Amino acid sequence: MKFRSLKQKILFWFVGIISTVLIVFSLLLYILLEDGIHGEIKMQMESKTSFIQENIISEFPDEKIKLYSKLLNVEFVIFNKGELLYASNKFPLENIELYQESENMFFVHKTKNNTEDAILRTKFISPYKGEIILYLKEINNQAEKIEQVLIYLNPLLFLLLIWIGNNLIDKLLIPIKTLTRTTQKINIEDMPKKIHTPNENNEITQLMNSFNDMIERLRNGIETLNNFNHDVSHELKTPITVINTAIELSLRKNHDVQYYKNSIKTIQYEIKQIEKIIDELFLFTKYSQENIQSTFKYSYLDSILIDVISKYEKQAADKNILLTIKKIENIKKSVNPLLINIIFSNLIDNAIKYTSKEKEINIELFAENNHAYFRIEDEGIGIQKEHLDKITDKFYRVDESRNKKINGFGLGLSIVKNFIDLHNANLDIQSIYNKGTTITVRF
């Protein structure tokens, strides 16, 4: 069965369960009451049978028997060896065979008038060998009255429980309705504020707290995205402006061939800069915590590091920088080798870029306490303390005027930080302004 709302589904199951409970409860109550009443009647009739056996049969035949019958307020017959010795005046003898043939010693049957009669058979051996059959007409069965009460009471109780259940469901669904209305209002331009959560600690409260956390993450994500878009547009605007200016100047009037060659070289350079930005941005979206594990394989970190260092030896030599490997150990780890290569490359590249000529850069790779450590220490320009927390943000550059001669877009360290996080590793940056920087990666 399909339901249009959660309330209808809950109410449907609530009604079904309540109906079942009421029916079962009523049946059990009726059966227990009826059994109890029949048991009580049987005990009374057994007591009267004992009285008959002790006071009537022992004196039988006697004129007092009619008096005892009236006093006991019960009809009965007495048989001796199958022969009828006595039958009270109102005993229905036409049904006597039915009573004698019944396997039950006590039974109750309904009459045509919808009343109940009780019959009890008792066998005896003294002073005769026979049986007594007691007949109690129209017994007072309170269970029948209870049945009538339940027939009228159950529908009223059923409607009352539905009304109570409906109100309880409405009360329970108030937070969910609030959550739905808030969700419908969510858009990038207008993020809703946090939903007020009750003090109760239950599943609904946990759901609302999770939703509030999600809103906060979305708000931070949108803010980051807006900043990211602003930074990207800012970074792309410069090369695009240079390209556009070069084209406009080239088209304004006729120039010699060399001028056009220089313009084309400028355009080509700026296009390469744009490509670098796009390539670096692509690295942020290519890998995530969900897909990175499938790319891991056991690799030797020392082999990757040696390959990277060999690529930067010429760049270091051009600045007369001494690239020293202080320690390198054979370490095998489950990693993404491409990303590890990029981490090592960016950190070594940054160290060379920001280190003055004729200085030294020290590199270490070692294992300690079940962790692998990569450390690079330079004697470069360093980073001021107030910039350390932001240095791994996308497009963040400490000083545009000071770094304008150094190629880069402020993405290097942010890429490194992202890839380190994907490996569940730690990045530690220690720096003293105008003295140098030490970067440690712990795998």
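**Close-up views of a predicted model**

**View 1. Glutamate 75 stands opposite tyrosine 135 in β5.** The model is predicted: local features need pLDDT of at least 70, side-chain atom pairs count only at pLDDT 80 or more, and totals for chains, interfaces and linings use all residues. Residues are numbered from 1 along each chain as its sequence is written, and side-chain values use heavy atoms, with hydrogens and water left out. Strand β1 (residues 75-80) pairs with strand β5 (residues 130-136) in the antiparallel sense, over six bridges. Pairing requires at least two DSSP bridges between two strands. Helices (H or I, at least four residues) and strands (E, at least two) are DSSP runs, numbered from the N terminus.

**View 2. Five strands form an open antiparallel sheet.** The order is β2-β1-β5-β4-β3. β2 (83-87) and β3 (106-110) stand at the edges with a single partner strand each, so one side of each lacks a neighbour in the sheet. On average, neighbouring strands of this sheet are turned by 20° against each other, direction ignored. Axes are lines fitted to C-alpha atoms, for helices over the stretch in contact; angles run from 0 to 180 degrees between N-to-C directions.

**View 3. Phenylalanine 76 belongs to strand β1.** Is this residue buried or exposed? Phenylalanine 76 counts as buried, because its relative accessibility is 0%. Buried means under 20% relative accessible area, exposed over 50%, and partly exposed in between (1.4 Å probe, protein chains only). Tyrosine 86 is ten residues away along the chain, and the two C-alpha atoms are separated by 8.1 Å.

**View 4. A nonpolar patch lies on the surface.** Its members are Val149, Leu153, Leu156, Leu157, Leu160, Trp163, Ile164 and Leu168, with about 760 Å² of accessible area together. Patch residues have over 30% relative accessible area and no salt bridge; nonpolar side chains (Val, Leu, Ile, Met, Phe, Trp, Tyr) are joined within 5 Å, like charges within 9 Å. A salt bridge is a side-chain nitrogen of Lys or Arg within 4 Å of a carboxyl oxygen of Asp or Glu. Areas come from the Shrake-Rupley method with a 1.4 Å probe; for residues, only the protein chains shown count as cover. Tryptophan 163 lies in helix α4 (residues 142-184) and is exposed, at 55% relative accessible area.

**View 5. A mixed open sheet of five strands has the order β7-β9-β10-β12-β11.** Its edge strands, β7 (322-328) and β11 (426-432), each pair on one side only. Helix α7 (residues 301-318) lies across β7, β9 and β10, at about 170° to β7. Helix α8 (residues 337-353) touches β9, β10 and β12 (436-442), its direction making about 20° with that of β10. Contact means heavy atoms within 4.5 Å.
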